[in-house]
Amino acid sequence: MDTKSKNRRFAVPVLIVLIVSISLALLTMADLYHKRENLHEDNYFQSSGFNRELETFAELVKKVHVDYADFTPGKLDEKTANELKKEHEETLRTIKEDNPLLDSIKRAKSEGDNERVAQLTEEYSQSLQENIAKATSHYQEQVNNRIAERDTEYEEQKNSLTLRSGSFKYYVTDKKNNKVYTNLAQEPTEWELARYARYTINLPNTNGDLESINRTYQLNQLSGIFYVPKEPDGYSQVHADALYYDSIRERLIGEFVLLTVTLLIIAFSFLYLRTGKPAEVPIVTKSMALFRLIPLDIRMGLLFVLGITYFLMLANLRFFFLPVDGEHIFTLAFVSLFTAYLLLQLLEARLMYKEPERFLQQWQKSIFARQRVLLQESYANRGMFFKVSTLFILTVMFGMSIGFGFVALIESSGSLLFFSFLYGMFYMIVVFPYSLRRLGLMNRIMQGASEMAGGNMNVTIQKVKKGKLSDLAHSLNNITKGLKHAVEEQMKSERMKSELITNVSHDLKTPLTSIINYVTLLKQENLTPEERKSYVDILDRKADRLRVLIDDLFDAAKMSSGAVELNIEQVNVASLLNQSIAEFSDKIEQSTLTFRVTTEQPKIVAPLDGKKTWRVFENLIGNALKYSMPNTRVLIHLAETQDDVILTFKNVSAYEIDFDAQELFERFKRADQSRNTEGSGLGLAIAKSIVELQGGRLSIDIDGDYFKVIVVFRKHA
């Protein structure tokens, strides 16, 4: 007990440590993943930044030593000079040929106006000199600008190359011009490279990131070696960047150590909490109970959205930087809240996996499941669903038509106003009265149902010609009729129960009273032997009568409950009937009745229990002997069809039957209402139960005093 309470006491701190450790581990893994390329030694020299620096330096070497190989300060290169000269000559030609005064001089000559020709010629000469002077000045200005630009560009390229020479050393061979370009005293040897170079590369090479400079060097037949010295000459951006990349690598190694430590803490925390059952920690239990108030499908959606947010946040958060300040604490706490939420959901998912009924219970309370049930219930009656939906849509459209009407008035749109008015009239003439009629019927149904609930079974709901509400009203009216019939049947059942109790009491009390009286007489001492023997005989008959009544009562109870085992076999019904008649031969001879038995075939077979079927015949023959009018015939007929065996008993009743024939199947019911006969009133009930247990049926037909019993047995089980 002490160990359990101690585990429970430290469960919350350990749980907090676990959540923070998982958050820190995930942040560490995300940072390690994003900076995985920085884990390689000298990783800077595989970076795109270094490739850009190398490409820039190699391009500078090519420009300074190749492109500006023939550079002379203050002088244009031959190609540029020729281009500018050609442009100047074209300008001079245009000035001479495109002057509008030439056309005027031609017209004056054609008109023979020599004075006008002389004047225009002088103007043309003056204009030509001015334009040539301007074009020449512009040409000289272009030449000077190009020389200045070229001198400046050369100086910039040269200075840029000189500034980067502290970062790179090179030895390039120009095969086209048989020259060597280098900032070294001589071509470096393998030993010198191994000793002084931190990174070496030959150009051109197969590095895909240097495709542009490789192509340039190949076209200009340049090849050489470039390397980054271990120690720079002065300031070097390349060495500064390499130092930064090295610091990142050292930091990532430290993050690996941190990750290892946090994983160990997570493992130990899991082991500790596993023994302490974290799901039973009060703060966890309360948190999960709070979350369970949210429907399951909403929680699943939140889990999906927050899960994506969580991983995006881990991927983009900046956490590993110096110095450590409050931003680190805030970030870790924020991520830990997300982690705690996800852990709770994972714990809930685990519980649902182990106990599927938990998931089913929560899913049944979800919004989706409830809406689905509502939709199924509303869609169960498609006609009603579509009518309500149509009324809803038409009503929404009515509201929209009113809105369109106001818009039409503002915008003075006649067609829109006409449409709004037309739909409004349709709604008020057709839809609105229809809704009122259905609402009135619903009110009548509610009022009628209320009266029915109050016990008024004579209420009738007035219904319309058709519709589901009309069907509901019809069903409620039928319910009242059914309830009235049920009440009548219940009253009849209560009456029959009362008669049953009375009849049972009478039939059992009569022999029992006789037994008590004759036992009292036997106690007298002055009885003669003949009297004593007479009393004992009477007691024997009364006791046997009582035994028969009790046996019949138990048999009837067993038959009605179905707790009877049947031994089904192929029985010759004709033979069994003849044997039953033979058993009653003495009683038949003593009676005034005449039995006529006819069978269509000497052998009529059916799958029956022989003993139980014997009991049916015994009861039917006994009833005929007890209740038939004296000096009449009892007709017994046995026949068969393709599927059935049909036995018919016909006789004339000695008693008036002024009740329903089906009541004869009730227990203790007799045609002899005075109950003076020896019958128990259970014979027909027992016979009917036996026949029905064997898959047959027994029915009674009465026409006045003419009594007919029909027994049908199935020929096929």
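Predicted model: local features only at pLDDT ≥ 70, side-chain atom pairs only at ≥ 80, totals over all residues.

**The sheet and its surroundings**

Four strands make up an open sheet, arranged in the order β2-β1-β4-β3, and their pairing is antiparallel. At the edges are β2, residues 179–182, and β3, residues 197–203, each of which pairs on one side only. From one strand to the next, the twist averages 10 degrees.

Strand β1, which covers residues 169–174, pairs with β2 in the antiparallel sense over four bridges. Within this region, aspartate 174 has lysine 179 of β2 as its bridge partner. Helix α2, residues 48–67, packs on the sheet and touches β1, β2, β3 and β4. The direction of helix α2 makes about 130 degrees with that of β4.

I turn next to a loop residue. Asparagine 220 sits in the loop between α7 (211–219) and β4 (222–229). Is asparagine 220 buried or exposed? Its relative accessibility is 18%, and because buried means under 20%, asparagine 220 counts as buried. Leaving aside residues up to four places away in sequence, asparagine 220 touches Lys62, Val66, Asp174 and Lys176.

A nonpolar surface patch of about 1,000 Å² is made by several residues, among them Phe421, Met425, Leu436 and Met446. Leucine 436 belongs to helix α15, residues 414–453. Its relative accessible area is 46%, so leucine 436 is partly exposed: the limits for that class are 20% and 50%.

Note on methods
Residues numbered from 1 in each chain as written. Heavy atoms only, no water. Helix = DSSP H or I, 4+ residues; strand = E, 2+ residues; numbered from the N terminus. Buried < 20%, exposed > 50% of the residue type's maximum accessible area, 1.4 Å probe, protein only. Contact = heavy atoms within 4.5 Å. Pairing = 2+ DSSP bridges. Axes fitted to C-alpha atoms, helices over the stretch in contact; angles between N-to-C directions. Patch = residues over 30% accessible without salt bridge, like charges linked within 9 Å, V, L, I, M, F, W, Y side chains within 5 Å. Areas by Shrake-Rupley, 256 points an atom, 1.4 Å probe, with all protein chains shown as cover. Salt bridge = Lys/Arg side-chain N within 4 Å of Asp/Glu carboxyl O.
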